[in-house]
Amino acid sequence: MSDTEDTKRKEISPALDFFAGTVAGMAAVVVGYPFDTVKVRFQNPQTASRYRSATHAFFTIVREERIRGLYRGIAAPLAGAPPLNGIVFSSYRSLLHAQLDDDNAIPTLTQVNLAGAGTGIISSYVPSLPYCLACYIFPPSPSTFSSYVVDASLSRLITTPAELIKIHQQSLVRTSTSGSSPPLRDRDVILHLWRTLGLRGFFRGITATALRDTGYGAYFAAYEATLRYWPRPHAPPTHDRDGSPAKQVESTLATLSWPAMLVAGGMAGIAGWVVTFPFDVVKTRVQSTPPGVPGNPYRTTWSTIVASYRAEGLGVFFRGLAPTLIRAIPVNMVTFTTFEAVVGLCS
C-alpha cells in the first residue's frame, strides 16, 4: 500500500503541469520581452527602415522611448502568456501520453515532435476574445485558472488576439520631435483595434500563428534530445519496471545537473524558432497592417508570403532572427529550469 501511495504522490498531474508552466511563463515574459520588441520593430515594414541592426534598434528605442519603450505592450502578454504556457506544457504531456501504449513506454523523439506540434496548433486556434480582454483588464488569480483547467474551454486561450495587441503596441514609435503621440496606453490600443477591426479583426493572422506554433514540435524534441544525450557519469543505470513518465522526470531532476537543463532549454529555444521563423515574419506583417485597405499586399498568409518575397527576396523571412535567437536562449533557459524546479518542488 505504501508503494501505491508513494506512486500517486509522485505522479505529475495536468494541474501541476499547468501551474509550473504558468510560473515559468511569467519568468520568461519578463526576461525576453525587450528582445521581442526589437524583433517586432525589425519585422514591421513600417518601422524596419529606422534601424540598421539589432543593437542600433535596442539603443534607439532606449534613447527615444526610455526603458519603458522596450516593455510597451507587456500587460497583455503578461496576463495571457503565462497561463498559455501552462496550457502548452499540460497539453504537451497529454498528447505525448496519448501516443504511448502504456505508462512504462518511453516516447520516441518523433512522438515528442508530434506532441509538440499538436500543442502549438491547440494553443493557436483559440476563439475566446472575451477571455483575452478579461485576462488583460482583470488578471485572474491562479485559483481562477485552476477552475478553467477543469473546463474544456481552457484549451481555447488567446494566442492570436494577444499577439495582435502586442504587435500593435510594439510597433508604435514615439520620438521626441513628434508633434502628436500615438495611443500608447494598453486600453486605448484595444479600443482602437475594436473600433477599426471589429471582433473578427482580433483573430487576424490566426493561420500564420498556427503555422508558427507548430515549432513547438522541434522545441520539445530539442529539449528531450539534449537531456537524453547529455553525459551523466554519476547516474547509476536504472531498470525500474515502474518507470512511468512521471518517474522519468524525477530521475532527470535527480541525475542531471542544472547546466544540462539550461543548455537543453537554450537548444529548445533555438530549434523552435529556426524551424518556423519565416511564419513569424508573415504573422507580424499580417497583424501589423489593416485588412481593408485597398492594395494592401498583406491581406492573407499566402499573399504576404508572395508579396514579401517579390519585394525583398528570401532574406526578408529571416529578418529579426538575430535578436530572436539572442532572446530565445536565456528565455527558454529560464522557462525550462523554472518549470522543472516547480515540478520538483511540488512532486
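Colleague: How many helices and strands are there in the protein chain?
Modeller: This is a predicted model, and its protein chain has 15 helices and zero strands.

Colleague: Okay, and what share of the residues is buried?
Modeller: Of the 347 residues in the protein chain, 48% are buried.

Colleague: What about the surface, how much of it belongs to carbon and sulfur?
Modeller: The accessible surface is about 16,700 Å². Carbon and sulfur atoms account for 62% of that.

Colleague: Let's zoom in on helix 4. Where does helix 4 sit, and what should it span?
Modeller: Helix 4 covers residues 75–98, which is 24 residues. At 1.5 Å a residue it should span 34 Å, and its end C-alpha atoms are 35 Å apart, so the two agree.

Colleague: Is helix 4 mostly covered or mostly open?
Modeller: Mostly covered: 17 of its 24 residues are buried.

Colleague: Where's the kink in helix 4?
Modeller: At alanine 81, shortly before proline 82, and the kink is about 30°.

Colleague: Is alanine 81 buried, partly exposed or exposed, and why?
Modeller: Its relative accessibility is 27%. Buried means under 20% and exposed means over 50%, so alanine 81 counts as partly exposed.

Colleague: What does alanine 81 touch?
Modeller: Not counting residues up to four places away in sequence, alanine 81 touches Val29 and Ala76.

Colleague: New topic: the largest nonpolar core. Which residues have the most contacts inside it?
Modeller: Those are Tyr92, Val112, Phe220, Tyr223, Phe336 and Phe339, in a core of 20 residues. The elements giving two or more residues to this core are helix 2 (14–43), helix 4, helix 5 (109–124), helix 11 (216–229), helix 13 (258–287) and helix 15 (321–346).

Colleague: Which helix gives the most to it?
Modeller: Helix 11, with five residues.

Colleague: And what is tyrosine 92 in contact with?
Modeller: Leaving aside neighbours within four places in sequence, tyrosine 92 contacts Ile87, Val112, Ala115, Gly116, Thr119, Phe220 and Glu224.

Colleague: What do nonpolar side chains tend to do in general?
Modeller: In soluble globular proteins, they tend to be buried together.

Terms used:
Residues are numbered from 1 along each chain as its sequence is written. This is a predicted model: local features need pLDDT of at least 70, side-chain atom pairs count only at pLDDT 80 or more; totals for chains, interfaces and linings use all residues. Side-chain values use heavy atoms; hydrogens and water are left out. Helices (H or I, at least four residues) and strands (E, at least two) are DSSP runs, numbered from the N terminus. Buried means under 20% relative accessible area, exposed over 50%, partly exposed in between (1.4 Å probe, protein chains only). Accessible areas come from the Shrake-Rupley method with a 1.4 Å probe; for residues, only the protein chains shown count as cover. The expected span of a helix is 1.5 Å times one less than its number of residues. The bend at a residue is the angle between axes fitted to the seven residues ending there and the seven starting there. A nonpolar core is a set of buried Ala, Val, Leu, Ile, Met, Phe, Trp, Tyr and Cys residues joined through side-chain atoms within 4.5 Å. Contact means heavy atoms within 4.5 Å.
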